[in-house]
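User: I am new to this structure and would like to learn how to read it feature by feature. Could you take me through it, giving the general idea before each case?

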Amino acid sequence: MKNNLLNIAMAFVLVGALFTSCKPKDSNDAVSGNAAQKAYVAPGKYDEFYNFVSGGFSGQMAVYGLPSGRLLRVVPIFSEDAQSGWGYNEETKPMLNTSHGYVPWDDQHHLNMSQTNGEVDGRWIFANANNTPRIARVDLKTFKTTEIIELPNSAGNHSSPFITENTEYVVAGTRFSVPPDNVNGDVPINSYKENFKGYISFVKVGKEGEMDIAFQIECPGVNFDLSHAGKGKSHGWFFFSCYNSEQANTLLEVNASQKDKDFIMAVNWKKAEEYVKAGKARKQKVKYAHNVYDEKTHTAKSEMRTEVLVLDAKALKDICYMIPCPKSPHGCDVDPTGEYIVGSGKLAALVPVFSFDKIQNAIKNKQYDGDYEGIPVIKYEAALHGEVKKPGLGPLHTEFDGRGNAYTTFFVSSEVVKWDIKTLKILDRAPTYYSPGHLTVPGGDSKKPFGKYMIVYNKITKDRYLPTGPELAQSAQLFDISGDKMELILDFPTIGEPHYAQVAPADLIRNNGQLKFYKLEDNKHPYVTRGEKESKVVRTGKRVDVYMTCIRSHFAPDNIEGIKIGDEVYFHVTNLEQDWDVPHGFAIKGANNAELLIMPGETATLKWTPDRVGIMPFYCTDFCSALHQEMQGYVRVSPAGSSVPITFSVGTNFPPATK
Ligand code: RUQ
Ligand code: CUA
């Protein structure tokens, strides 16, 4: 009897082990004794690195300090942010304009910092929008999104926004192939093979960071997944992973996993540039928005563009080449020397590493295996440097430390594996909690990684933190990689879902001449009020413009009468402070909107449509002084036909008794 029970118990243990064998056993064992010391940054001390982390479906970017993991800031990019008024105030609404109209949300996956000579330079960070294809540029002097460009002929802008080594281009590839914008897209979905195309976009980046679509390349319809630029010897080339070479249009989990190999597509963009110069691109009618935030007027403008230059990869035989890559590849990462290209097949039991030199030789000697939809397919062996054998399950992304080592995340076996790029030998493995997607090493996709740390971004945190209802935070895990063994030193939760991230040494960003505040005399906002004496309320028909100022601790004007039902009221609030850390807020009862957060010297505008007769208070939302709670005012709203005249004042509107 006792034996039987024991047997049953053993059987349970075994079955249990089968189902959980992919999970690391004892999470506590993974932390070393001096972890706290390594991640500790004393109060009042700065962190060593800035860590910029994509916010996934939050649409924003989070900024952390490393090694402390302290959240420093959330920068709104593609989603409205009520806290800062992003997308709510009149100045920033044009930033979220698209050819589909106003789009207040997106799915932000990948960030790439600008580079000079292949090294991170801390000027800008580029961000992709997955859903309504866009690329944004965040200025790292102001930590503000200053430009957003939409991508035509694209859907699911996933393999984006990766940059070339001198930030010549920020590049994007479409995840969902679709019929191009200029043809009739009203076709049966199962006509994918005939009608669907995959576009990749090369967006030129100017001296001031300004973006402009230089050209697109029309490729066969597949799912482009991720990409990275060549560097050093492979500068001038770009590499895209793609899956669904089966060209399935339904149940992709089965139908796009048929073939043993999909592809990494190598693109010779220098050659593509030559073709564009030689007039080989066709002009195509499209419609896409280009939105720019003007630092001087504190106001964004949105412009519709209507044309794009397109190169045909099939007709121009020598710009695109397919390299077979097992199996449904995801990450596509280039090592610091530019020689090795790592493809991570989600369903593959090995990680293939391709050699740039071999790819060049194969092209020279035409070592092809026929073509894929008119694009030459290089023989797998001819391009291959070698395979990392038995690395783990579900490889996704790889980063580099600049000392000849690569680090690959494995989603299914929930670990990071360190391996030698040349010998392809596995050097170390560390469990992660749980199911990592991206990882980043400071400068890890540049020519000059800083090594030292590695941060892994996990999808699942079950049992890692105090539960917060059924929805749990995703999380980042910080490893010290300065020694032979990877050492877990810190866990911290993230916003949204983290995908790719970038890291820069703190001094590079901190000493980049960050704008402390807007100088009032430089404020070119059309509705600026430079002093209280200039504040006023102006009626033009049903439109009322309130030129308002704020300073510790009052608004001017703070009493406004003569507003009527049916009016559209615009509060243009200028913050008169010239001390860089004194923002004021502005909110009014019933506004179908958010607050304004107005930085020193800035002007911001809130649109308000009064919906009822009465007294509507407004107040400052940001604790600015000891008398912050006194920072308030009233608007009197009268019926539509009322004869109450417009009056406004500050400090004079007393009843007879107190005069
Ligand atoms: S993709 S894991 Cu956009 Cu890997 Cu996030
Ligand atoms: Cu201004 Cu509180």
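**Reading the loops, strands and cores**

Analyst: Let us begin with one place on the chain: Lys-327 sits in the loop between strand S19 (320-326) and strand S20 (329-334). Helices (H or I, at least four residues) and strands (E, at least two) are DSSP runs, numbered from the N terminus. The model is a predicted one, in which local features need pLDDT of at least 70 and side-chain atom pairs count only at pLDDT 80 or more, while totals for chains, interfaces and linings use all residues. Residues are numbered from 1 along each chain as its sequence is written, chains are lettered from A and ligands numbered from 1 in the order in which they are written, and side-chain values use heavy atoms, with hydrogens and water left out.

User: What is the form of the peptide bond from Pro-326 to Lys-327?

Analyst: That bond is cis, with omega near -25°. Another cis peptide bond runs from Ser-160 to Pro-161, where omega is near 0°, and Pro-161 belongs to strand S10 (residues 159-163).

User: How many helices and strands does the protein chain have?

Analyst: The protein chain contains eight helices and 45 strands. Its C-alpha trace spans about 90 × 75 × 50 Å along the principal axes.

User: How should I read the radius of gyration of the protein chain?

Analyst: The radius of gyration is taken over C-alpha atoms, and the globule rule is 2.2 Å times the number of residues to the power 0.38. For 659 residues, a compact globule would have a value near 26 Å, and the 28 Å of the protein chain agrees with this.

User: Which residues have the most contacts inside the largest nonpolar core?

Analyst: In soluble globular proteins, nonpolar side chains tend to be buried together. A nonpolar core is here a set of buried Ala, Val, Leu, Ile, Met, Phe, Trp, Tyr and Cys residues joined through side-chain atoms within 4.5 Å; buried means under 20% relative accessible area, exposed over 50%, and partly exposed in between (1.4 Å probe, protein chains only). The largest core has 32 residues, and those with the most contacts inside it are Phe-202 and Ile-217. Apart from it lies another core, of 27 residues, among them Phe-52, Phe-78, Ile-125 and Tyr-293. Over the protein chain, buried residues make up 58% of the 659 residues.

User: Is Ser-638 buried or exposed?

Analyst: Ser-638 counts as buried because its relative accessibility is 4%, and this residue lies in strand S44 (residues 632-638). Contact means heavy atoms within 4.5 Å; not counting residues up to four places away in sequence, Ser-638 touches Ile-563, Lys-564, Ile-565, Val-613 and Val-644.

User: Which residue other than glycine has a positive phi near 55°?

Analyst: One of them is His-298, whose phi is near 55°; His-298 lies in the loop between strand S17 (282-294) and strand S18 (299-312), and is buried, with a relative accessible area of 2%. Asn-153, also not a glycine, has a positive phi of about 55°. Asn-153 is placed in the loop between strand S9 (144-150) and S10, and its relative accessible area of 1% makes it buried.

User: Where does Ala-42 lie?

Analyst: Ala-42 is found in the loop between helix H2 (35-39) and strand S1 (49-54), and at 27% relative accessibility Ala-42 counts as partly exposed. The C-alpha atoms of Ala-42 and Asp-581, 539 residues apart along the chain, are separated by 23 Å.
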